[in-house]
Amino acid sequence: MTTALITGATSGIGAAFARRLASDGHNVVLVARDPERLRDQATELHDRHGVEAEVLRADLSTDKGIAAVEERVADRTHPVDLLVNNAGFGNKGNYLDVPMAEELTMLKVHCEAVLRLTSAAAASMRERGRGGVVNVASVAAFVPRGTYGASKAWIVQFTQGAARDLAGNGVRLMALCPGFVRTEFHGRAGMGTGNIPSWMWLDADKLVDAALRDLARGKSLSIPDPRYKTLMGIAKLTPRGALSRVTSSTGRKYGPQ
Ligand SMILES: NC(=O)c1ccc[n+]([C@@H]2O[C@H](COP(=O)([O-])OP(=O)(O)OC[C@H]3O[C@@H](n4cnc5c(N)ncnc54)[C@H](OP(=O)(O)O)[C@@H]3O)[C@@H](O)[C@H]2O)c1
């Protein structure tokens with residue numbers, strides 16, 4: 001039996017990872033802030049799939065929270081075989097509308113926590129000669145979209161660089177770049193979603209299936225849907241200025257509720 005630790009495991013994409021990994025027979029360590037949701041989910045996964053489901057309450061926007069999860073992923077006596085750095089959130093509004101404290105919290109959760117947890121896990125996995133890390137980024141990494149897009153671009157660059165450095169050590173690292181997924185993400189940020197065409201929405205469970213297939217194939221970057229692969233191909237060929245105008249006006253449209 002192997003163990004997977006998932007951050008942001010109580011909702012959306014993280015919950016889909018936890019369901020799928022538990023149904024495959026992996027023990028799970030569930031990380032988030034809300035203790036009641038963590039306990040409910042652990043009970044459900046244990047009862048349904050017969051796996052061990054451990055809960056670790058931690059706020060990844062704090063040093064204490066990051067350190068607690070770092071300690072767990074580095075624990076050589078109860079090794080974590082797969083780490084999914086998924087916890088994250090969005091901020092509504094354009095640059096200078098979002099309070100600086102929230103921008104910094106985003107960098108802490110999306111960048112510092114991902115750096116520290118990946119590094120703690122990868123060091124221990126390299127010693128064992130096996131393991132995997134999935135860092136959940138976004139297709140927003142490839143377009144100019146404020147601190148959110150920049151933090152996700154950092155995840156992609158960091159993860160692909162680390163994957164290259166650890167090649168041949170038995171440790172797989174992959175950045176996962178979803179498009180729009182129906183989760184609590186937009187509601188929590190107070191973002192309206194009425195203007196997003198229905199064909200752009202992805203299902204969290206299918207996304208996770210595709211992501212785990214890509215990880216098994218040894219990819220370091222996963223854009224797990226043909227629609228978004230095509231869109232990102234077009235984005236690569238579009239001049240930066242034009243791309244920035246489109247993505248910023250799209251952002252403004254779906255931003256305010
Ligand atoms: N939904 C999309 O369209 C979309 C698209 C591309 C990428 N993504 C990325 O996918 C990831 C998951 O998002 P989602 O859509 O599944 O959102 P979600 O439904 O809002 O779930 C977010 C999860 O993260 C946890 N979390 C948030 N802040 C945390 C913190 N400071 N410390 C610990 N846990 C925290 C939440 O639990 P608690 O509140 O209990 O802590 C929850 O379990 C994010 O990184 C997001 O950027 C989402």
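Modeller: Let us start with helix α3 (residues 63–74) and helix α4 (residues 100–128), whose axes lie 8 Å apart and meet at an angle of about 15 degrees. The model is predicted, so local features are reported only at pLDDT of at least 70 and side-chain atom pairs only at pLDDT 80 or more, whereas totals for chains, interfaces and linings use all residues. Residue numbers start from 1 in each chain and follow its sequence as written. Helices (H or I, at least four residues) and strands (E, at least two) are DSSP runs, numbered from the N terminus. The axes are lines fitted to C-alpha atoms, for helices over the stretch in contact, and angles between N-to-C directions run from 0 to 180 degrees.

Because of that angle, α3 and α4 are roughly parallel to each other (under 35 degrees; over 145 is roughly antiparallel, 65 to 115 roughly perpendicular, and the rest oblique). On the α3 side, the residues in contact are I66, V69, E70, V73 and A74, and they meet E112, A113, R116, L117, A120, A121 and S124 of α4. Contact here requires C-beta atoms, placed from the backbone, within 7 Å of each other. By class, this α3–α4 contact consists of 8 nonpolar, 1 polar and 3 charged residues. Ala, Val, Leu, Ile, Met, Phe, Trp, Tyr, Cys and Pro count as nonpolar, Asp, Glu, Lys and Arg as charged, and the others, Gly among them, as polar.

In the loop between β4 (82–85) and α4 lies L96. Most residues other than glycine have a negative phi. L96, which is not a glycine, has a positive phi of about 75 degrees. L96 counts as exposed because it has 9 C-beta neighbours inside 10 Å (12 or fewer is exposed, 20 or more buried, and in between partly exposed, counting other C-beta atoms placed from the backbone).

A15, A18, A22 and S23 of α1 make the contact with Q41, L45 and H49 of α2. The α1–α2 contact has 4 nonpolar, 3 polar and no charged residues.

V208, in helix α7 (residues 204–216), is in contact with I13, A16, F17 and R20, leaving aside neighbours within four places in sequence. V208 is buried because 26 other C-beta atoms lie within 10 Å. The C-alpha atoms of V208 and R19 are 9.8 Å apart, although 189 residues separate them along the chain.

The ligand is surrounded by 30 residues, the closest being G8, G12, R33, G88 and F185 (a residue belongs here if its C-beta atom, placed from the backbone, lies within 6 Å). The shell has 13 nonpolar, 11 polar and 6 charged residues.

Finally, F142 sits in the loop between β5 (131–136) and α5 (146–165). F142 counts as buried because it has 21 C-beta neighbours inside 10 Å. Not counting residues up to four places away in sequence, F142 touches M232 and A235.

How values were computed. Contact = placed C-beta atoms within 7 Å.
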